[in-house]
Amino acid sequence: MKYLKFKTPAQETAEDLKSDFGVKNHGLVHLERVYWNLPAAALYEEVVFRNEGKIVNGGALQVYTGKWTARAANDKYFVREESSEKNIDWGEYNRPMTAEKFSGIYARLQSYWQGEEIFVQDLYAGADKEYQLPVRVITEKAWQSLFIQNMLLSERDLAKLKQYIPDFTVMVAPTFKLDPRIDGTNSETAIIIDFGKKLAIIAGTEYAGEVKKAVFTIMNYLMPLEDVMSMHCSANVGDEGDVALFFGLSGTGKTTLSADPKRSLIGDDEHGWSSGGVFNYEAGCYAKAIRLSEEAEPEIHACTHRFGTVLENVSFDPASRHIDLDDEGLTENTRLSYPLEFIPNAVPDKLVTTQPKNVIFLTADAQGVMPPIARLSMDQAIYHFISGYTSKIAGTELGLGIEPEITFSACFGAPFMVHHPYFYAKILRQKAELSGANIWLVNTGWVGGKFGVGKRISIRHTRNMLSAAMEGKLNDVEYRKDKLFGFDIPLTCPGVPDDVFEPSNAWGDKDDYWRKYDALVSRYIENFKLFADGIPETVLRVAPKRLKK
């Protein structure tokens, strides 16, 4: 679409920030205009001018994403090609596409963008320069260019920008729709990654989470090949250099629990664990906004009123421009994207050179039967890591209803893992054994009954348990063995009532509790059969046992 014939300040800026490695190298020709590496203020101007979004009270940018308000989990594909074919764990999340089909889609996109204006951001994934991946992100929308600038690491050295050459390119085309009859896709939407061409195409969806997760998926393939543990986790660090990792699916508390005023935040979602330490893949945070509380999450809440923050599908009053964080009319999955430095105690370099001392698996147990915290042996940790038990929280994927769905998401991030789960598990074992990390399973879900009957566990209790674990206050307390899973559950913890550690206490009918707990164990056992081949016997022996009838 053509807007102006003369150069705006943003267009003048774009010329100064242009890389010599132009978009012709991607087969993009006859474009109306290319906006190169615009900073936030210039992108704001473009967003407002194009009516892509609104500036709301406090200075944040509010956008709507149309019908795509969550990830299209059934629309991700990998091109089956020689360099990666044998490494990819083909299956539910990793669907194959032929090179011929992808070439046809790519050629049509190149034609589709002729005569159009596009935005380019030359960025990096990975704060550790030894493992950093140069990623070029090309978008149709100015606001998506701002989003990904928030999320990845920018280069503002003009000389380096001029010489920038991407190792991977992501093309984001929400208005470009596929044809399942021609392309062999499930719908008009697709996220397609070709490791041979080092190219990803995101078509038919405006939801920004697809862009960041595509980059994460690419890193999840590349980093383990360099002996780096690639993790769907948040991370923070204490004053003594003690790193804590928080694994979990969206909605389980990764962002909330890692934003601890007593500890410094490394990042909220995606990290690498190398022999040299832990580093963030990103430069920003992508937090859930629904019912965000200033009291419970003051650091994140403050970001909703900052210039540079992108508010995705958050409602606002058009007269006052005040946002409504409780309004779920558009989606339960409202989001905010902001630079990590908006969090006061964030680690400036987004990496630390110390090793993790605590690894936490977060599970949102919608059945209300799991203990609030349990200490795992290494073999139990591998079992639970591969199992990845949790619940899909409303709105995080297209098609999810209000009620959470039980799911087993391998590595606590199955949709983004490319290799076989045990490939990641072996690296986790290696890193954790070398660092001597304690590994914990923490329930951030329901107590006293399943969703709709019980209630969500107190975040204050969860924070107190995690603080005690990370400060070593659970090292010398008395534990009991869980009779189904065999892991260790503390009997006491500072700041938490003792009866919390026996979940059956919150149930009116204890027999019903044990029936539900036993049923969950049955689900664990059935799920693990998918991965049993090639798993060491020591791990298989720590599988949970059902109640004796």
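A total of 30 salt bridges is found in the structure, a salt bridge being a side-chain nitrogen of Lys or Arg within 4 Å of a carboxyl oxygen of Asp or Glu. The model is a predicted one, in which local features need pLDDT of at least 70 and side-chain atom pairs count only at pLDDT 80 or more, while totals for chains, interfaces and linings use all residues. Residues are numbered from 1 along each chain as its sequence is written, and side-chain values use heavy atoms, with hydrogens and water left out.

Arg50 takes part in two of the pairs described here, one with Glu46, where the closest N and O atoms are 3.0 Å apart, and one with Glu117, at 2.7 Å from N to O. The pair of Glu117 and Arg50 links distant parts of the chain, 67 residues apart, since Glu117 belongs to strand 6 (residues 117-125) and Arg50 to the loop between helix 2 (40-49) and strand 2 (54-55); helices (H or I, at least four residues) and strands (E, at least two) are DSSP runs, numbered from the N terminus. Arg50 is buried at 12% relative accessibility, where buried means under 20% relative accessible area, exposed over 50% and partly exposed in between, for a 1.4 Å probe and protein chains only. Glu46 is likewise buried, with a relative accessible area of 5%, and Glu117 is buried with a value of 5%.

A further salt bridge joins the side chains of Glu471 and Lys262, at 3.6 Å from N to O. Glu471 is located in the loop between helix 12 (459-470) and strand 30 (479-481), and Lys262 in the loop between helix 8 (254-258) and strand 14 (264-267), so this pair ties together parts that are 209 residues apart in sequence. Glu471 is partly exposed, with a relative accessible area of 45%, whereas Lys262 counts as exposed at 53% relative accessibility. Elsewhere, a network of salt bridges links Lys212, Lys213, Lys254, Asp269, Glu270 and Glu282.

When residues up to four places away in sequence are not counted, Asp75 touches Arg95, Asn186, Ser187, Thr189, Ala190 and Ile191, contact meaning heavy atoms within 4.5 Å.

Helix packing was examined for helix 10 (residues 378-387) and helix 13 (residues 510-528), whose axes come within 10 Å and cross at roughly 80°. Axes are lines fitted to C-alpha atoms, for helices over the stretch in contact, and angles run from 0 to 180 degrees between N-to-C directions. Helix 10 is therefore roughly perpendicular to helix 13, given that angles under 35 degrees count as roughly parallel, over 145 as roughly antiparallel, 65 to 115 as roughly perpendicular and the rest as oblique. Tyr383, His384, Ile386 and Ser387 of helix 10 make the contact with Tyr524, Ile525, Asn527 and Phe528 of helix 13. These residues divide into five nonpolar, three polar and no charged, where Ala, Val, Leu, Ile, Met, Phe, Trp, Tyr, Cys and Pro count as nonpolar, Asp, Glu, Lys and Arg as charged, and the others, Gly among them, as polar.

Ser84, found in the loop between strand 4 and strand 5 (95-97), is buried with a relative accessible area of 0%. With residues up to four places away in sequence left out, Ser84 touches Val79, Phe195 and Tyr221. Gly284 lies in strand 17 (residues 284-288) and is also buried, at 0% relative accessibility. The C-alpha atoms of Gly284 and Ile148 are separated by 8.8 Å, although the two residues are 136 residues apart along the chain, while Ser84 and Thr462, 378 residues apart in sequence, are 41 Å apart in space from C-alpha to C-alpha.

Most residues other than glycine have a negative phi. His30, which is not a glycine, has a positive phi of about 55°; this residue is in the loop between helix 1 (9-16) and strand 1 (33-36) and counts as exposed at 63% relative accessibility. Asn37, also not a glycine, has a positive phi of about 50°, but Asn37, in the loop between strand 1 and helix 2, is buried, with a relative accessible area of 1%.
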